[in-house]
Amino acid sequence: MKIKYLDGKRFYLAFLAGGKAVIKDFAYLNQINVFPVPDGDTGTNLASTMKAIAEQARPARSIKEVLHSIAEAALTGARGNSGIIFAQFIYGLSRELGNEIRVTTSRFGESVRNAVRYAYNAIAHPQEGTMLTLIREWADEVYHNRHRFADYQELLHHSLERARAALQETPKKLAVLRKAGVVDAGARGFVDFIEGVVNFIRQGNLKSIIKDELPEIELKETPHKIRENLTYRYCTEALIQGEALDLETIKKIVVQAGDSAIIGGSESKARFHVHTNHPAELFYALKDLGTIVQPKVEDMKLQAEISLRPNSRVALVVDSSCDLPAHWLEQYQVVVIPFLINIGDQVFLDKLTITPDKLYQLMSQGEILPRSAQPSPKTLENWFSFLSSHFESILVLTISSGLSGYHHLVKKVAETFTDKKIRVVDTRHLSGTFGLIVKRLLDDWPGNQEVDELAKKAEELSAKTELLVDVKTLKYLVKGGRVSPAKGLLAKLLNIKPIITLNEEGKATSAGKSFSRKQNFKKILKMVREKHRQHPIHSFAIVHVSEPDRAQAYAREIENICGKPVSFILDTSPVVGVHNGIGSVGICLSYE
């Protein structure tokens, strides 16, 4: 049967068929992915984009409505360069087609060729031999034959042959493909899509496709296995929403942040992808241009090192509430799972897309109250799957279960990996005391590679570690719901300066109070002297919320008390600082 026009329903169903063809081929696309970096995720990115479209887009009578729905779903679910390029091409097509109920081959040919420029304009430095080339050459073929074929079956079949030929030519246009002996993965994905559409139109049942379920596959994160030196470390993405978005300014900021930059979208929704060394600076520069959601930052350097040269038999995983200098974490390939920080409607990744200094600057400028949130179970699943393929076992240390439900979430996810050895330990600590536990554990790491022994030692170290927090104001604890408004008001009226500690269950409790910060300082030092007399201090650290001078003063005095230098002085992680408030100082003690 000849198909002389496309309406909304036909287009929707044909699109689903093309998307499912991409999903079926995602594993192979990952295998041949070598450009722009050989990170093995093009198939996952394209499949995720197609899956988002299948789950979110809705059929309608007019193609314009259907395309708008598909374009919105594609942009929301787009992942990586390839996903955003595809989403931007579909967005361009939705802009080029009018409100026609039925679209002829002639009108379709004009629209797809015009839509190509949207994909090219999204990329800072377009590269031939990639998905862009395939989209352009396929669209040109459709355009040139739009009058020759009035039947979509003939038009699309003919254009598919040109797309297949163009795919085989990609290694001639890109040296990295030629060297690897593969075609471009994104280009292959686009050919898969067209093949799915063509096969469905020629052989499929327009009524049955909507009943077919998506292929049962796991779209797990694919680790970066980049062998060459990286100029930029972090693969960074996010969605920006708003009204009348300034796309040119957004694009300029993203392009300046690094390479492999691509920005697609509309005046109400834009998605960006870039490789950068400073994701936090990028997000801070973008925060006033729209609402940032769906942040995603991958440490390509860490993933590559683990994939190529794991330095032990046991993987160590912590969360971003653990405050420890980065060089110790990097030396031992420690994976840090970030908490989420919500500032209004904006979503940031703790320590990755928002740094302590920037967060505290925002907190001091106004009455904003950032809120913390747990990582998604999917994030944990992806990491556990990746690490279990490179390590014999996994040790996960978490923030105190008395302060967060994260520990229970980790245990629940770990239990689904029945064939993997994953041990989850509740440190009953956070921030600098969490960091001291990890540091002492890492000191013996090279000689101890049994996960059960390491877990037992971590629990022993937790019992030997203590935190005293010199709180400047209860305002933030009241706002966060950890102190009642009545107690907060009373403390303010009496100018009470509390000292907070963690009990044996890891819950916050009072360790004392004073009526001035000077008295608090003296009282805490007196407590440290007594504790050192009873249990000699092995090591100590100081963490603070935008209070470096007071932190240094504590470090000098405690060094005099125990005769040992401070292990580290750090800004408290944002996820901890938002609750304790500006001016707080944490004295972290680890005993012999």
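User: What makes Gly344 stand out in the hairpin of strand 7 and strand 8?

Analyst: Gly344 takes a positive phi near 65°. Two residues lie between the strands of this hairpin. Bear in mind that this is a predicted model.

User: How do you know that strand 7 and strand 8 pair?

Analyst: Pairing needs at least two bridges. Strand 7 (residues 340-343) and strand 8 have four bridges, in the antiparallel sense. The strands therefore count as paired. Ile341, for one, has Phe348 in strand 8 as its bridge partner.

User: Which way do the residues of strand 8 point, and are they buried or exposed?

Analyst: In strand 8 (residues 346-349), Gln346 and Phe348 point one way. Val347 and Leu349 point the other way. All are buried, which means under 20% relative accessible area. In a regular strand, side chains alternate between the two faces of the sheet.

User: Why are strand 14 and strand 16 called edge strands?

Analyst: The open sheet has six strands in the order 14-13-12-17-15-16, with mixed pairing. Strand 14 (508-514) and strand 16 (569-571) each pair on one side only. From one strand to the next, the twist averages 25°.

User: How do you know that strand 13 pairs with strand 14?

Analyst: The cut-off is at least two bridges. Strand 13 (residues 497-502) and strand 14 have six, in the antiparallel sense. They therefore qualify as a pair. One of the bridges joins Ile499 to Gly512 in strand 14.

User: What lies across strand 12, strand 15 and strand 17?

Analyst: Helix 18 (residues 431-443) does, running at about 30° to strand 17. Helix 23 (residues 548-562) also lies across these strands, as well as strand 16. Helix 23 runs at about 170° to strand 15.

User: Why are helix 18 and helix 19 called oblique to each other?

Analyst: Their axes cross at roughly 135°. Roughly perpendicular covers 65 to 115 degrees, and roughly antiparallel starts over 145. The crossing falls between those ranges, so the helices are oblique. The axes come within 10 Å, and the crossing is right-handed.

User: Which residues meet where helix 18 and helix 19 are in contact?

Analyst: Ile437, Arg440 and Leu441 come from helix 18. They meet Leu454, Lys457, Ala458, Leu461 and Ser462 in helix 19.

User: Which residues have the most contacts inside the largest nonpolar core?

Analyst: Phe384, Leu387, Leu395 and Leu397, in a core of 88 residues. Helix 18 gives the most to this core, with six residues. A second, separate core has 81 residues, including Ile63 and Met131.

Methods:
Residues numbered from 1 in each chain as written. Predicted model: local features only at pLDDT ≥ 70, side-chain atom pairs only at ≥ 80, totals over all residues. Heavy atoms only, no water. Axes fitted to C-alpha atoms, helices over the stretch in contact; angles between N-to-C directions. Contact = heavy atoms within 4.5 Å. Buried < 20%, exposed > 50% of the residue type's maximum accessible area, 1.4 Å probe, protein only. Core = buried A, V, L, I, M, F, W, Y, C linked by side-chain atoms within 4.5 Å. Parallel < 35°, antiparallel > 145°, perpendicular 65-115°, else oblique. Left-handed = near helix turned anticlockwise from the far one by under 90°.
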